[in-house]
Number of protein chains: 2
Amino acid sequence: MREKNASKDLLEKNIAGEITLSEKPGKALRKWREIFGITQKNLAKTLKISPSVLSDYESGRRRSPGAEFIKRYVLALVAQDRRKEGGITGKIPETAKSGAVLDIREFIKPMTGRAFLKYVNGRIIADEGDLDKKIYGYTVIDSIKAILELSDTQFPQIYGLNNQRALIFTKVHMGRSPMIAIKVTKPKPVLVIFHGVAPSEVDKLAVKIAEAEKIPLIISLTENEEKLVEDLKKIEA
Amino acid sequence: MREKNASKDLLEKNIAGEITLSEKPGKALRKWREIFGITQKNLAKTLKISPSVLSDYESGRRRSPGAEFIKRYVLALVAQDRRKEGGITGKIPETAKSGAVLDIREFIKPMTGRAFLKYVNGRIIADEGDLDKKIYGYTVIDSIKAILELSDTQFPQIYGLNNQRALIFTKVHMGRSPMIAIKVTKPKPVLVIFHGVAPSEVDKLAVKIAEAEKIPLIISLTENEEKLVEDLKKIEA
DNA sequence: ACGTCAAATCGTCGAATGTCGATTTATGTG
DNA sequence: CACATAAATCGACATTCGACGATTTGACGT
């Protein structure tokens with residue numbers, strides 16, 4: 001009597017729903033393909049269609065993909081991810097829903113990104129932006145849960161009262177999904193911090209996005225998630 | 001600083017996702033239209049298209065509606081519901097996610113539906129089926145949360161080890177959604193019980209479905225949800 | 001600077017969508 | 001029973017999808 005994983009269907013449904021409701025379905029298609037780290041060519045092979053079809057969608061020549069197409073697309077993405085080691089889906093716990101946002105705070109008086117570094121035991125990975133820019137608060141996000149729960153419309157809500165803030169992602173796998181999420185949403189953080197991934201394991205695409213967006217990318221080396229949140233609470237006593 | 005309701009987007013995304021991933025999108029379109037209690041003609045007017053278009057989709061002549069169409073469809077449904085008094089969406093609380101299934105149990109030895117009645121203080125609403133059929137367990141479901149969380153693929157999971165059971169829905173508004181959900185899924189309960197709605201307020205369509213499916217429909221008059229669950233625990237000590 | 005691989009572009013074409021309107025077929029309700 | 005009203009059915013037709021393959025453009029590694 002095997003146990004069924006409820007998150008599974010949830011993930012697929014969320015993705016499909018987001019694509020369908022998206023202003024530009026093509027953008028959403030691309031977003032998810034990138035999050036899963038699959039190339040157009042590769043995915044095209046799985047779907048047994050020509051890569052140009054995918055490109056045509058993503059770039060907007062075809063603007064309203066049919067339900068059938070979206071379904072095959074999403075199912076292929078997820079199935080392919082499930083098949084390989086270290087995929088997104090493997091990280092999703094069966095239980096534990098809700099609570100993607102672990103903490104959210106505003107500072108009374110702002111501090112620079114550089115000053116913020118020591119609270120998270122941070123190591124700089126990308127710094128095309130400006131670490132001396134002021135930040136006015138931070139948000140800690142469980143990146144795994146965020147995949148399931150937040151997206152598109154909800155994502156901007158993690159910015160509190162102001163968007164001059166640091167976004168801290170925990171349980172980061174490679175950093176691909178968080179960075180792509182940031183890439184495609186409007187308000188952008190001043191600083192991004194990953195926790196749970198080794199500096200050497202950070203996804204290259206993630207770094208590239210950080211550089212392109214001019215957002216400094218930091219890896220926190222704090223022992224664990226709990227301590228990280230603890231340490232952050234010490235700011236501005 | 002107006003508060004944003006996160007469930008809102010969630011609901012729409014869930015519906016859109018379900019339609020998109022559905023084996024037969026047309027069936028899903030119909031399901032949700034019926035749940036929201038809107039006629040084809042009415043909805044067609046809102047969408048500024050001919051009613052036959054909707055019929056064509058629902059009956060399957062057009063099998064793969066485009067993202068654009070689905071989006072307009074879902075948005076129209078939800079918007080229209082939000083506009084009117086006593087709609088589905090008004091019932092959805094902003095907070096409180098997860099936990100649609102309040103209780104689930106299997107009996108050691110089966111009992112008849114009629115015997116089950118007294119545990120829920122039940123009043124018979126429809127009885128084209130057989131109240132003397134044996135039931136082997138029950139599942140208590142928060143019908144509001146079920147709309148958001150369960151659907152299609154997840155729904156069958158509320159049947160425990162056996163499907164010869166009673167499904168008890170709490171926080172029932174008119175009983176439309178639960179009955180339609182039952183109508184469109186494969187394993188069907190032997191008995192359906194509503195809690196939270198007055199016998200006179202039960203949706204006519206719901207009753208009709210119950211009769212057509214030959215599933216006895218009962219209204220529980222137990223004071224409140226908590227007591228209902230309590231009382232049920234007393235079965236087969 | 002060259003080669004490679006991913007992605008973008010674009011012309012083309014059959015099939016399916018998206019839409020109407022007219023006509024039937026239920027399904028009630030007085 | 002007959003008349004509204006909802007829904008199903010169907011022929012018609014313009015638009016777009018869904019798909020291919022050839023050709024550019026873009027990034028990156030060496």
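Contact means heavy atoms within 4.5 Å. Helices (H or I, at least four residues) are DSSP runs, numbered from the N terminus. The model is predicted: local features need pLDDT of at least 70, side-chain atom pairs count only at pLDDT 80 or more, and totals for chains, interfaces and linings use all residues. Residues are numbered from 1 along each chain as its sequence is written, chains are lettered from A and ligands numbered from 1 in the order in which they are written, and side-chain values use heavy atoms, with hydrogens and water left out.

In chain B, L29(B), R30(B), W32(B) and R33(B) of α2(B) meet F69(B), Y73(B) and L77(B) of α5(B). By class, this contact has five nonpolar, no polar and two charged residues; Ala, Val, Leu, Ile, Met, Phe, Trp, Tyr, Cys and Pro count as nonpolar, Asp, Glu, Lys and Arg as charged, and the others, Gly among them, as polar. The axes of the two helices (lines fitted to C-alpha atoms over the stretch in contact, with angles from 0 to 180 degrees between N-to-C directions) come within 10 Å and cross at roughly 15 degrees. Therefore α2(B) and α5(B) are roughly parallel to each other, a term for angles under 35 degrees.

A residue is near a strand if one of its heavy atoms lies within 4 Å of it. DNA strand C has 27 residues around it, of which R30(A), Q40(A), R61(A), S50(B) and Y57(B) come nearest. These 27 residues divide into five nonpolar, nine polar and 13 charged. Of the atoms of DNA strand C within 4 Å of the protein, 55% belong to sugar or phosphate, and the rest to bases.

Polar contacts are pairs of N or O atoms within 3.5 Å; within protein, one must be able to donate a hydrogen and the other to accept it, and residues adjacent in sequence count only if both atoms are side-chain atoms. In the side chain of K41(A), an N or O atom is 2.7 Å from a phosphate oxygen of DNA strand C.

Sugar and phosphate make up 56% of the atoms of DNA strand D that come within 4 Å of the protein. The side chain of K208(A) has an N or O atom 2.7 Å from a phosphate oxygen of DNA strand D, while a polar side-chain atom of S52(A) lies 2.8 Å from a base oxygen.

Conventions:
Helix = DSSP H or I, 4+ residues; strand = E, 2+ residues; numbered from the N terminus. Parallel < 35°, antiparallel > 145°, perpendicular 65-115°, else oblique.
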